[in-house]
Amino acid sequence: MKRQIALVDCNNFYVSCERLFRPDLKTTPVVVLSNNDGCVVSRSNEAKAVGIKMGQPWFECKELAEAHGVLALSSNYALYADLSNRVMNILGGYSPMTEVYSIDECFVDLTGMPKLRDISYQMRERVIQWTGIPVCVGIGPTKTLAKLANHIAKKHPRSKGVFNYNDLTEAQQTRLLSQISVDEVWGIGFRLSKRLAAHHIHTVQDLRAAHTPTLRAEFGVVVEKTQRELQGIACVDLQDHVPDKQQILSSQSFGKPVTELAVLQDALSVFSATASEKLRAQNSHAALIQVYLRTNWFREDQKQYCPSMTVPLPMPTNDSLVINRWVQHIAELLWRDGYKYKKAGIMLGEISPVAVVQADLLEPVKTSDTKLMRAIDGLNSRFGRGTIKVSSGGLRAEWGMRQERESPSYTTDWNSVPAVA
DNA sequence: TCTCCGATTAGAC
DNA sequence: CTAACGGTCTAATCGGAGA
């Protein structure tokens with residue numbers, strides 16, 4: 001039986017979330033900015049029409065945007081995560097096999113279900129009625145073709161938000177794929193599409209029909225798999241459980257340049273807490289710590305310094321305090337006076353499940369303070385991240401994010417909800 | 001020569 | 001007024017070191 005894989009994708013997700021609580025913005029052009037109000041990461045259709053590009057630095061398009069009355073908002077991830085969960089819960093009701101692929105996308109296996117069109121339209125209706133978030137549905141025999149079908153559903157208003165590639169004849173498929181640029185394909189980014197062009201592969205159809213052994217030799221297994229998927233042969237299966245992270249990062253660009261070690265260490269202590277919390281959330285521990293710092297590489301006039309150090313731990317751990325001690329120590333080793341640091345981060349690697357570690361028969365396992373860590377995680381999840389944190393000298397103002405355009409957290413913070421008369 | 005490893009590259013969103 | 005370009009993650013591939 002032919003697989004019917006649906007990819008449900010929220011339209012302009014972050015902007016749609018913001019608009020839920022600001023109905024007055026329904027027709028205003030809106031963009032949402034990344035951390036530090038740095039880059040544009042979500043655009044309303046009106047903002048796209050004005051010519052603002054995805055990923056564009058805000059300072060670069062600010063003038064254009066403001067000339068067209070574009071409203072820019074800081075990102076509010078607590079809000080987006082909450083709405084994402086609601087959308088995903090609804091979609092989960094449509095199939096025993098779903099894969100939450102990202103904050104705004106979900107694959108749903110509809111294979112064998114009758115009346116796919118009706119189901120697809122109902123999904124759309126239900127999600128928008130229950131959450132207010134508009135979505136589009138693309139269906140195909142493989143994940144890659146489902147993604148492409150979704151792209152078509154989004155782009156062509158005639159489709160009314162739903163497109164099923166499986167309904168096409170072979171001739172229709174060829175005609176359609178010939179009209180789509182190869183860089184729209186999942187897994188074909190900026191660089192690959194340039195290299196493919198050198199081999200006269202410009203459209204999706206070109207890639208689908210290309211000579212496979214040549215493709216394999218020139219571009220590797222990833223592109224070959226993509227080609228197979230475009231031919232309708234599944235190479236990528238749905239994953240219904242989220243695999244444990246193999247590495248965990250916590251990093252941030254600073255709101256203003258950091259020139260003092262104490263300020264850097266304050267930031268790093270927060271990163272340590274965040275990263276080890278994530279580690280404990282998946283019940284793992286790590287045996288490798290990396291710390292890195294960097295100056296602002298966009299400032300060619302300033303001297304650059306981008307050190308990093310990776311340290312294998314004598315014993316794997318998920319204890320914030322232990323991790324933080326290592327991090328602080330590494331930071332001192334890396335630090336050089338006289339630079340303007342723009343960004344720092346830590347990475348935890350060599351991650352494994354806590355349960356798997358066997359006690360050494362000869363040497364007693366050094367238990368870290370699991371009770372304390374559980375208490376910290378419990379309080380933080382009950383009262384919000386940062387309720388309890390590793391010692392921080394209160395220097396956050398010196399390095400924290402600039403976020404000057406944030407909307408209130410209506411769905412996750414009671415204090416943001418306006419009082420009702 | 002083979003294998004392992006860390007670093008680099010490319011991609012998603 | 002300042003300073004002014006995100007954050008996390010995975011997989012494949014490459015090149016050198018060591019067996």
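Helices (H or I, at least four residues) and strands (E, at least two) are DSSP runs, numbered from the N terminus. This is a predicted model, in which local features need pLDDT of at least 70, side-chain atom pairs count only at pLDDT 80 or more, and totals for chains, interfaces and linings use all residues. Residues are numbered from 1 along each chain as its sequence is written, chains are lettered from A and ligands numbered from 1 in the order in which they are written, and side-chain values use heavy atoms, with hydrogens and water left out.

**Exercise 1.** Find which element gives the largest share of the surface near DNA strand B.

*Solution.* Sugar and phosphate make up 100% of the atoms of DNA strand B within 4 Å of the protein. Next, look at the elements: strand 5 (98-102) and helix 8 (190-198) supply at least two residues each. Helix 8 has the largest share, three residues.

**Exercise 2.** Work out which part of Ser-251 lies 2.6 Å from a phosphate oxygen of DNA strand C.

*Solution.* Ser-251 is among the closest of the 23 residues surrounding DNA strand C. Lys-342, by contrast, places a polar side-chain atom 3.2 Å from a phosphate oxygen of DNA strand C.

Note on methods
Near = heavy atom within 4 Å. Polar contact = N/O pair within 3.5 Å; in protein donor to acceptor, adjacent residues only side chain to side chain.
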